[in-house]
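Trainee: I would like to learn how to read strands and cores in a model.
Mentor: Good. Let us look at one together.

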Amino acid sequence: MPESLTRAVRWSASLRWDGAVGALLIVLLLLSFSTVDGFGNALNLSFLIGNTLPIALIALPMTLLVVSGEIDLSVASTAGLSGAVMGALWNQGMTIEAIIPICLLLGVVCGLINGLLVTRLGLPSLAVTIGTLAAYRGIAQIVLGSDAVTDFPTQYLDFAAGRVGDTFVPQAFLPFLVLLAIAVVALHATPFGRSLFAIGANEEAARFAGIRVKRQKLILFTVTGLMASLTGIFWALHYASARYDNATGLELSVVAAVLLGGIDFDGGKGTLGGAIAGVFLLGALQNVMSLQDVSAQSQIVVTGVLLVLSVLGPRVARQIAVARAGRRAASAPTSSLSSPS
Amino acid sequence: MTHPSEAGPAPVLSLKDVSKSFGAVRALRDVSLELFPGEVHALAGENGAGKSTLIKTLAGVHRPDTGQVLLDGEPVLFHGPGDARDAGIAVIYQEPTLFPDLSIAENIFMGRRPRRALGRIDHKATHDATLALMQRLGVELDPDRPARGLSIADQQIVEIAKALSFDARVLIMDEPTAALTGSEVARLFGVVRTLREQGAAVLFISHRLEEIFRICRRVTTLRDGAWIASEPIEGMTEDDLVRRMVGRDLDELYPKQDVKPGEVALSVRRLTREGVFTDVSFDVRRGEIVGLAGLVGAGRTEVARAVFGIDRWDAGEVTVDGRTLTNGAPSTAMAAGLALVPEDRRAQGLVMDMSIERNIGLTGLRTTVKAGLVDRGAERSRSLDWAVKLQVKYARIADTVNTLSGGNQQKVVLAKWLATGPRVLIVDEPTRGIDVGTKAEVHRLLSQLAADGVAVLMISSDLPEILGMADRVLVMHEGRLAAEIPRSEATEETVMAAATGRAAA
């Protein structure tokens with residue numbers, strides 16, 4: 001009986017975490033509007049959203065991956081590689097309309113390699129994608145060297161950096177909303193997405209229920225590669241600069257944001273809404289820090305601390321809730337001797 | 001409430017009018033129990049009757065809200081399991097937790113190994129002390145052997161030896177036989193008798209009633225947290241005991257209906273998985289319940305896994321209603337009408353953190369779909385429908401399955417698979433660790449399914465269950481089918497003879 005109580009409490013604790021992140025985002029925005037100079041104007045808000053979009057784009061497939069119990073740390077390198085290839089091919093004189101599909105295909109290949117290593121060889125994704133993180137970035141440097149390619153066609157640069165009319169909404173935000181809607185439906189309403197929760201919570205039971213675990217994971221890694229390369233293309237156009245080291249360290253922000261949004265690192269729990277709230281909470285924090293002249297290095301420290309807190313937070317909340325429930329039930333503390341009843 | 005107390009020795013450990021509540025749930029209500037030295041005492045009751053809470057109270061994990069724990073007649077207050085252990089009370093669980101990389105001797109003397117000068121560990125003394133314990137138990141186990149790879153039966157022996165090394169006078173054995181084979185149970189009972197003769201008090205819990213009658217002298221029955229009776233076993237029948245536990249007469253434990261078998265539904269031909277099982281061929285017809293018996297490790301579960309597609313086979317063929325199944329593909333097996341209720345419901349059958357609704361829904365994600373999306377209404381009604389049909393006891397369908405008792409969890413696994421409308425149902429240990437009332441329900445259900453034309457293959461280590469339910473018994477021995485025995489000739493002797501390789505195929 002105390003176990004059932006514990007579980008119920010844990011469930012409500014995770015709900016609270018989701019909501020808490022959303023509430024925190026709203027509080028941060030309100031505070032920033034009233035106290036941070038230059039935060040509220042349309043230009044800054046469009047910067048905030050535009051700079052957060054790369055994190056948000058990759059967070060979509062990353063959320064699904066983490067729910068299924070896997071992770072991809074090579075996403076930033078895939079983005080960098082795809083930007084570098086884009087720059088190199090542009091230098092060769094190819095048209096941008098031909099280059100973009102090639103870069104997307106390259107992302108698919110990068111993701112497929114991760115997926116095959118994880119599903120066919122049964123390697124842990126954490127190790128595999130740390131390896132490809134280094135490898136893809138290395139290839140990017142070989143492809144482009146230390147060049148920076150900046151002379152992409154203006155209509156593309158304008159789209160990636162421009163705003164909708166006089167509003168603060170970047171043009172690229174609208175296609176993102178479409179992708180977000182697709183991801184929400186895919187994770188929470190399709191058989192594919194729903195079975196990811198089972199895979200993440202108990203992979204063996206998922207297999208015994210006829211779910212094609214390896215195939216689903218392979219698809220996820222491939223889509224993640226595709227989204228990472230799309231992000232790489234967006235990055236190069238948004239900042240009008242294709243360099244081999246574009247988006248370096250972005251995987252840290254993505255993982256931090258997703259975990260901050262309440263996606264359980266052990267898999268099986270979380271919502272896309274929470275993940276996106278986490279993304280924009282992180283994005284807003286970074287924006288405010290920039291406005292306050294906090295150095296880029298210090299911002300990385302903050303991101304790192306947030307990552308640790310976001311793993312720690314839900315667990316501490318759970319422990320507190322359990323302890324409280326324990327007192328309520330007037331039961332003795334749990335012990336290692338408790339029997340598997 | 002008076003308890004028949006014996007003349008002669010005083011109880012070594014007793015509970016007096018103990019109550020314990022968790023929130024609104026009253027797990028124990030005024031329960032009393034007396035354990036005498038030199039007696040094996042059974043604790044009987046259905047899942048959720050309060051057995052676990054009682055054990056934990058004796059073991060110092062829980063403190064009673066009211067009432068007393070008495071040691072040698074003196075009230076004691078245990079502040080934790082350590083206190084109970086120091087008082088000579090040890091609990092042997094169904095699945096012991098040893099350190100796999102340490103030797104048996106190191107496991108037993110963990111943290112308190114004999115020392116020599118300068119604090120060096122005395123390996124020889126550790127070894128000899130362990131050997132002495134093993135001899136006292138009459139068991140041959142090498143003290144220097146690592147715990148990794150020991151059978152569950154051997155691990156329990158190590159736990160018992162560990163308890164003895166603490167001078168335990170009271171041993172509480174929580175379903176120790178659930179995962180043991182017949183000969184392992186016999187050896188364990190030998191050890192229990194030895195302990196009894198040495199004056200220990202043993203509290204024995206088992207869902208297998210025949211074991212209670214084999215080894216115990218008295219039995220205390222709990223129902224819904226309340227004490228029902230403490231009485232001598234002698235003169236009782238199994239029906240008497242079941243009536244105490246369930247509170248009513250149980251119609252029948254093995255309600256097998258006679259069904260005329262139809263055409264072949266599942267056909268397995270020369271199936272081989274190298275090093276695991278070899279050349280296995282059999283048919284299961286519609287309306288039949290075929291029992292698959294054998295010792296643990298004979299390859300029964302492995303055959304079922306391969307047939308369903310969890311593991312790949314190296315040679316052979318499986319057909320369901322004439323459709324050939326793809327090697328290693330559970331989804332195509334499901335599409336062909338095959339269902340597998342796996343042996344380990346917590347690890348394989350259920351996602352414990354997921355709701356009852358979603359667990360049952362897992363097998364229907366492909367079918368309860370509207371325009372490519374999961375039809376939540378259809379999913380809920382499908383889950384509710386089957387949860388009600390199987391009489392799962394739950395508060396809300398959205399509760400996670402780990403809030404349910406073992407028997408109800410097993411019903412959820414059955415519901416999950418019956419909801420797929422299977423033509424062939426494979427059940428692996430369908431009633432392991434569930435109480436006798438639920439067991440009878442599961443048997444009635446399997447019998448009804450067969451009567452409705454489902455072909456049932458039932459793997460079980462519970463021989464009475466195989467004999468009581470199966471139309472035919474297939475027996476495996478060391479990876480091969482050793483015998484096929486029709487119901488009329490199936491007895492404990494014929495099945496065990498084939499399972500141990502003593503009979504001609």
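Mentor: Start with a pairing. This is a predicted model. In chain B, strand S3 (residues 40–44) and S8(B) pair in the parallel sense, over four bridges. His41(B) is the residue opposite Leu203(B) in S8(B).

Trainee: Which strand do five bridges join to S8(B)?
Mentor: Strand S7 (residues 170–174) of chain B, and the two run parallel. There, Val170(B) stands opposite Ala201(B). Between S7(B) and S8(B) the chain passes through helix H6 (residues 182–197) of chain B, in a right-handed β-α-β crossover.

Trainee: How do I read the two sides of a strand?
Mentor: In a regular strand, side chains alternate between the two faces of the sheet. Now the case here. Ala201(B), Leu203(B) and Ile205(B) point one way from S8(B), while Val202(B) and Phe204(B) point the other way.

Trainee: Why is S8(B) said to be largely enclosed by the rest of the structure?
Mentor: Because five of the five residues of S8 (residues 201–205) of chain B are buried.

Trainee: Which strands are joined to S19(B) by bridges?
Mentor: Strand S16 (residues 338–341) of chain B is joined to S19(B) by four bridges. Strand S20 (residues 455–459) of chain B is joined to S19(B) by five. Both pairings are parallel. S19(B) and S20(B), with helix H15 (residues 436–451) of chain B, form a right-handed β-α-β unit.

Trainee: What should I look for in a core?
Mentor: In soluble globular proteins, nonpolar side chains tend to be buried together. Here the largest nonpolar core has 170 residues. Those with the most contacts inside it include Ala59(A), Ala198(A), Ile426(B) and Val456(B).

Trainee: Which helix gives the most to this core?
Mentor: Helix H2 (residues 42–67) of chain A, with 15 residues. Domain 2 (251–337 + 422–505) and domain 3 (347–421) of chain B each supply at least three residues.

Trainee: What does Ala198(A) touch, not counting residues up to four places away in sequence?
Mentor: Among them are Ala205(A), Ile211(A), Val351(B), Met354(B) and Leu362(B). Finally, a second, separate core has 69 residues, including Val61(B), Ala90(B), Leu195(B) and Val242(B).

Definitions and conventions:
Residues are numbered from 1 along each chain as its sequence is written. Chains are lettered from A and ligands numbered from 1 in the order in which they are written. This is a predicted model: local features need pLDDT of at least 70, side-chain atom pairs count only at pLDDT 80 or more; totals for chains, interfaces and linings use all residues. A residue is buried if 20 or more other C-beta atoms lie within 10 Å of its own, exposed if 12 or fewer, and partly exposed in between; C-beta atoms are placed from the backbone. Two strands pair if DSSP finds at least two bridges between them. A crossover is right-handed if, with the strands pointing away from the viewer, the path from the first strand over the helix to the second runs clockwise. A nonpolar core is a set of buried Ala, Val, Leu, Ile, Met, Phe, Trp, Tyr and Cys residues joined through C-beta atoms within 7 Å. Domain bounds come from an automatic or database domain assignment. Two residues are in contact if their C-beta atoms, placed from the backbone, lie within 7 Å.
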